[in-house]
Amino acid sequence: MIDRLDRRNRKKRNRMRVARLLLCYVLLEDYSTNLGGATITSDAARQDASATNPTLSDLPSFAEPIGNVTAAIGKEAVLPCTIRKLGNHKVGWIRVEDKTILSLGQRTVTHSPRFLVTLESAKSKNQSEWRDEEEATSRLHIRQLREADRGCYMCQLNTKPMLSQLGCVDVLVPPDILSSGTSEGEVSVLEGENATLSCKATGRPAPRVLWRREKSGSILMRGLHDPLIPVDNQSGEKLELTRVDRKQMGAYLCIAKNEVPPAVSKRVYLRVNFPPSAKVPNQILSSPLDTNVSLVCLIEAYPKTINLWTRKEQVIMSGGRYEIDERGHPDEEWKTTSELKISRLEKTDLGEYTCSASSSMGKAEATLRVYEIERATIRTTSASWKLSKGKSKFAQVTKNRIFHQMSTPAMQKSTVRIVYSKHTITSTTVNPRAPFVKDENLFKNRDISNERNCANARNDSGMRVYVVCFLFFFTIR
């Protein structure tokens, strides 16, 4: 194995030597007729030398620097090298990093089709009145840019000594989120613990990382005085959550973006585990018989719980007159509402019911009682006096009225029976929020009874006055 690697390395070095020799041969070709011994490094040096040696004015020179080029990955970068008086000289392009020869003249040496060299000739913009100076521009085209193409490239002229200048290419890379250093798709913590969500992103230029909630957009963060405060977003590769609350459970988006589109994102779901809790809005539920009632239980827990309704240690299943319905909260997945519906309430349905929720974190229970509301009868008594042949008789009139009210959670709490003077009065506490209904007949009967009592009282008073006057007159006589 080692011998094979050595042979490969030797072959590679040999190929590099051959390429360098070929470049030297091409660049030194046709130099026998050219003047040597002069080094041209700039236009100023060439002009100073031409004043003392007129033959140096025929040598080429660079018209302007190549400059630096910036392009996005996958695009094309072009490096221009403009030369005055190129004549029969040749231009070569070399990658500086690894000394790879890319082209000689208009001939491409590299085997990669992504590299292309073109040569264009044009008149100088600043040509003198007495002499025409032609300019030639050699352009190195790098197509379908890769990150490996980032670096500097040399434009060389086969003068003696050689003239060269550099141009650099910067390759922009859109953002990408790395798997290493980034949180998994799901992170689980206990309520009250600290949680850290990480997102490692790369790109050129370095991308900016933002965190947002997937649904609401706002992130709940601990404030200075410990309450949860909503913020639009958080920047940074790490999102630190202190003493996690169940309200912070949900999906978070890590968004990385820079100057190169498109932006990328990763979804991290935070799950907060906590023991279950159960409560009922109304611990006492009263309803008349043969009506439909609903028992409601509110449960909060994560992970999800197994919810049961029991009565007298017997589990109630859906079927017949019983129906159990469970509903989850659309935004807060740790909330569940369990509802037991009883159709046509019977005497056997009265009593205590238990709602229980169990999970790997624990168990919670809540109880409520179902009572019967009796149809209440209220007896009202009105009395009137009548005179008949000097004798008074008491006539007692009794009227019965029946009140009925359907079942609501804030219904009647108790029913009281009162026995007074052999008359039974059943009174029921009604819902204080229920509207009062005026019984016009009741007030009419009461008014009639009052009028009769007043008339009877006037008749009785007149009779007494008549008797007194008669006795007084009889005494005087």
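Ground rules first. Residues are numbered from 1 along each chain as its sequence is written, and side-chain values use heavy atoms, with hydrogens and water left out. Because the model is predicted, local features need pLDDT of at least 70 and side-chain atom pairs count only at pLDDT 80 or more, while totals for chains, interfaces and linings use all residues.

Let's start with strands. Strands are DSSP runs of E, at least two residues, numbered from the N terminus. Two of them pair if DSSP finds at least two bridges between them.

Take β10, residues 163–177. Strand β2, residues 69–72, pairs with β10 in the parallel sense over 4 bridges. There, A71 has V171 as its bridge partner. Strand β9, residues 151–157, pairs with β10 too, antiparallel, over 7 bridges. β9 and β10 form a hairpin, with 5 residues between them. Then comes β13, residues 201–204, joined to β10 by 3 bridges and running antiparallel. V173 stands opposite R204 in β13. R204 also belongs to a salt-bridge network with R150 and D170.

Next, the open sheet. Its 5 strands have the order β21-β28-β27-β23-β24, with mixed pairing. β21 (284–287) and β24 (314–315) stand at the edges with a single partner strand each, so one side of each has no neighbour in the sheet. Inside that order, β27 (351–359) and β28 (362–372) pair antiparallel over 9 bridges. G351 has V370 in β28 as its bridge partner.

β23 (306–311) holds I306. With a relative accessibility of 59%, I306 counts as exposed. The cut-offs: buried is under 20% relative accessible area, exposed is over 50%, partly exposed is in between, with a 1.4 Å probe and protein chains only. I306, L308, V315 and M317 make a nonpolar surface patch of about 400 Å². Patch residues have over 30% relative accessible area and no salt bridge; nonpolar side chains (Val, Leu, Ile, Met, Phe, Trp, Tyr) are joined within 5 Å, like charges within 9 Å. Areas are Shrake-Rupley, with a 1.4 Å probe.

Now β18. β12 (195–198) pairs with β18 antiparallel over 4 bridges. T196 stands opposite E240.

On to charges. A salt bridge is a side-chain nitrogen of Lys or Arg within 4 Å of a carboxyl oxygen of Asp or Glu. The count is 21.

The loop between β18 and β19 supplies R243, which meets D226 at 2.1 Å, N to O. The two are 17 residues apart. R243 counts as partly exposed at 37%, and D226 likewise at 33%.

R246 bridges to E300, closest N and O atoms 2.8 Å apart. That pair spans 54 residues, from the β18–β19 loop to strand β22. E300 is partly exposed at 24%.

R321 pairs with E346 at 3.5 Å. They sit 25 residues apart. R321 is buried at 16%; E346 is partly exposed at 37%.

Which buried residue has no salt bridge, with R222 4.7 Å away? D245. R222 is its nearest side chain of opposite charge; Lys and Arg count as positive, Asp and Glu as negative, and His and chain ends are not counted. D245 lies in the loop between β18 (238–241) and β19 (250–257). Beyond four places in sequence, D245 contacts E191, R222, L228 and V272, contact meaning heavy atoms within 4.5 Å.
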